Amino acid sequence: MAGRRPVEEAFVARRPAIRLLVVPQRRQALERLVLHATNLRIPIVEVEGGTLTAVAGFDGHQGIALVVGPRRFASLDEILARAIERAEPPFVLVLDSLEDPQNVGTLLRSAEAAGVHGIVFPTHRQAPLSPSAIKASAGAVEHLLLCPVDDLPGALSDLRIRGLRVVGAEAGAPLTARQADLRGPLAIVVGSEGQGLSPAVRRRCDFVVRIPMRGAIGSLNAAVAGSVLLFEAVAQRDPEGTASEPGPTDAAAALDEPPDAERPDDSPTEAEGVTAAEGQTAAEGEAELIEPSEVSEPIQSSEAAAAGAEPDENAEPDGSSVTEPGTDTPAANDLLPGGPGLDMPEAGNPDRV
């Protein structure tokens, strides 16, 4: 995986790593990530920008990449178990043979932000989780339950048996997303950029919905259309917006913040009974959010290292976070040593589902 935000989120998610690749000219701006990798005893290798572009398969790597072990995927049972853990009705995103890695990454980012419990996608005729797709997801892929299936229509039938309604996105649907009831156990299906929903998948849908269009352009990008449907479902499922925000986002912010950074002068008074020792304990608890249990040192090893770090001008402004367990099947193009080549072509400007 390549890019500042994906590497940050991999650290937050405690993804096992083999080595960190850094372009020397960008090392100062990325010093906090380098220091964190050093604390985790991850080898640091300096490579030229052209070499990193060749390894990552795209030039948006921002001067840093992380070589990781095989990705662990989830099952349908694990996705539904996550919904039970959160005490929420199941909410699943299904990708029907998307071809563009950028669309895949964008949808994964939207899905994580919308609080979906898992992503289901086919193992064939689907854009792989390449470094560019992971970069487009802003690292959200590290916190999602991803479930690849050999038989997507069969997986949809299984979800229906388990009580989920399957809703497809289709331009000519009689119902708009606002008119449809998207509450309760739900699986939203987004079709491929050129063909939309495949016939077998369309037959498994309980109903299909469309997004009303008002302009001269008659379609939306697949990732944009899917994101609109996801957040329409969120609005219906939580109309008051009272759902609490997930904690890992705060952990990702803590990775960027030097431990000695000055904070506003809002320290509690004596009357509030907060001692300096308690404040120190709270700071240590915050650091534990982003450190694996086997590492006892804080991310910042010294004040000088924190002062020397500079923000990355190309860094992603925001990100998302969740944790992903799963099975042992590795994803294609996951920067494994000796793994498959990164030759997945990038599609440009795909049309809507």
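## Two helices side by side

Let's start with a meeting of helices: R4, V7, E8 and F11 in α1 meet L33, H36 and A37 in α2 (contact means heavy atoms within 4.5 Å). Sorted by class, this contact has four nonpolar, one polar and two charged residues (Ala, Val, Leu, Ile, Met, Phe, Trp, Tyr, Cys and Pro count as nonpolar, Asp, Glu, Lys and Arg as charged, and the others, Gly among them, as polar).

The model here is predicted: local features need pLDDT of at least 70, side-chain atom pairs count only at pLDDT 80 or more, and totals for chains, interfaces and linings use all residues. Residues are numbered from 1 along each chain as its sequence is written, and side-chain values use heavy atoms, with hydrogens and water left out.

Back to the pair: α1 and α2 (residues 31–39) pack at an angle of about 30°, with their axes 11 Å apart. That makes α1 roughly parallel to α2 (angles under 35 degrees count as roughly parallel, over 145 as roughly antiparallel, 65 to 115 as roughly perpendicular and the rest as oblique). Axes are lines fitted to C-alpha atoms, for helices over the stretch in contact, and angles run from 0 to 180 degrees between N-to-C directions. Helices (H or I, at least four residues) and strands (E, at least two) are DSSP runs, numbered from the N terminus.

## The three-stranded sheet

An open sheet has three strands in the order β2-β1-β3, with mixed pairing (two strands pair if DSSP finds at least two bridges between them). At its edges you'll find β2 (44–46) and β3 (64–68), each pairing on one side only.

Strand β1 (residues 17–22) runs antiparallel to β3, and five bridges join them. For example, L21 has A65 in β3 as its bridge partner. Helix α1 (residues 4–12) shows up again here: it packs on the sheet, touches β1 and β3, and makes about 40° with the direction of β3.

## The seven-stranded sheet

Another open sheet has seven strands, with parallel pairing, in the order β6-β5-β4-β9-β7-β10-β8. β6 and β8 (175–176) stand at the edges with a single partner strand each, so one side of each has no neighbour in the sheet. β8 pairs with β10 (residues 207–210) in the parallel sense over two bridges, and L175 stands opposite V209 in β10.

Two helices to look for are α4 and α9. Helix α4 (residues 76–85) packs on the sheet, touching β4 (91–96), β5 and β6, and its direction makes about 160° with that of β5. Helix α9 (residues 222–237) also packs on the sheet, touching β4, β7 (165–169), β9 (186–191) and β10, at about 165° to the direction of β9.
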